[in-house]
Amino acid sequence: MSSSPSASMSAAAAAAAGHQQYPGGTLYMVATPIGNLADLSLRAIHVLGLVDAVACEDTRVSAQLLRWLGLHKPLVALHQHNEQQAAEGLVARLLQGERIAYVSDAGTPAISDPGAALVAAAAKAGVRVVPLPGASSAAAALSVAGDTRGQGFRFVGFLPTKAAERRSTLQALTGAPHSQVLFEAPHRIQELIALLAELAPTQTLTICREVTKQFETIHTAPCASLPAWMAEDKQRERGEFVLVLHAAPAQQDADGLPEEALRTLRVLVRDLPLKQAAALAAELTGVSRKALYQQALDWKQGADDDGSDAAAGEDEGR
């Protein structure tokens with residue numbers, strides 16, 4: 001941050017973002033870089049130049065960013081220890097018509113960072129809140145994880161620090177059908193990797209270290225192999241970590257069909273002909289239609305052999 005951006009950058013920001021209205025009495029939630037200043041958006045630069053004050057997690061960090069931008073704005077500290085009290089004062093200023101931006105130290109505010117209480121207080125008072133999207137370590141990690149099996153994702157953030165709570169929380173996360181994003185500090189990363197290797201050895205984990213920074217590292221592998229990989233280079237333990245625990249492989253029954261597909265098929269065969277139920281279940285789950293149809297036939301045959309009338313009216317032509 002030794003030099004200020006050129007006048008042409010500020011002009012570019014105004015040209016790109018100035019056509020939009022930025023009314024007074026509005027709270028602007030501004031995403032800031034997570035390690036690379038080039039990730040600051042032109043819209044963020046423009047709005048930071050317009051606002052009357054900048055509320056921030058740490059005034060020292062935000063002052064440095066504003067100096068780099070050549071901006072001089074009043075700073076208001078709003079962090080985890082004073083968020084409720086500071087929010088009241090900021091809402092009062094917003095109600096008087098001021099434009100106020102909120103920034104955390106890095107990334108998108110209110111995601112594992114302060115800001116949510118301020119947004120809630122502003123909304124309760126009828127103040128407009130405008131998001132300025134930008135850098136997010138969670139989104140960045142998900143984009144390079146390549147979890148093709150994940151059915152959506154869940155943001156977990158930091159796990160509990162106490163050993164028992166940490167283990168039980170992680171046990172609850174393993175086996176999920178979606179991607180899960182975790183944060184971890186460098187002094188606890190080895191412990192977390194070892195615990196994942198124990199509890200979910202076959203699940204895949206993507207480790208993102210120092211995302212967007214000079215020594216960025218991205219590594220994807222089964223959890224069981226990661227303690228050894230980490231031990232190969234002490235540098236791999238340094239920096240800030242974002243982890244993506246990939247979705248667990250679908251559990252299969254004795255016949256080799258995923259439980260999810262079997263549950264879907266059971267519901268459909270109650271009211272639909274077998275062929276139609278199998279075709280719809282295949283479309284919903286991605287499992288072979290032929291395999292699902294055969295399973296439905298097996299269920300029907302078993303019911304017939306037991307003398308059950310549950311499948312009355314069914315035949316193989318349906």
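Student: Which word describes how α7 and α8 lie to each other?
Tutor: In this predicted model, local features need pLDDT of at least 70, side-chain atom pairs count only at pLDDT 80 or more, and totals for chains, interfaces and linings use all residues. Residues are numbered from 1 along each chain as its sequence is written, and side-chain values use heavy atoms, without hydrogens and water. The axes (lines fitted to C-alpha atoms over the stretch in contact, with angles from 0 to 180 degrees between N-to-C directions) of helix α7 (residues 163-173) and helix α8 (residues 189-199) come within 11 Å and cross at roughly 50 degrees. Since angles under 35 degrees count as roughly parallel, over 145 as roughly antiparallel, 65 to 115 as roughly perpendicular and the rest as oblique, α7 and α8 are therefore oblique.

Student: How many residues of the contact of α7 with α8 are charged?
Tutor: Contact means heavy atoms within 4.5 Å, and α7 brings Arg166, Arg167, Leu170 and Gln171 to meet Glu191, Leu192, Leu195, Leu196, Glu198 and Leu199 of α8. Of these residues, 5 are nonpolar and 1 is polar, while the number of charged ones (Asp, Glu, Lys and Arg) is 4.

Note on methods:
Helix = DSSP H or I, 4+ residues; strand = E, 2+ residues; numbered from the N terminus.
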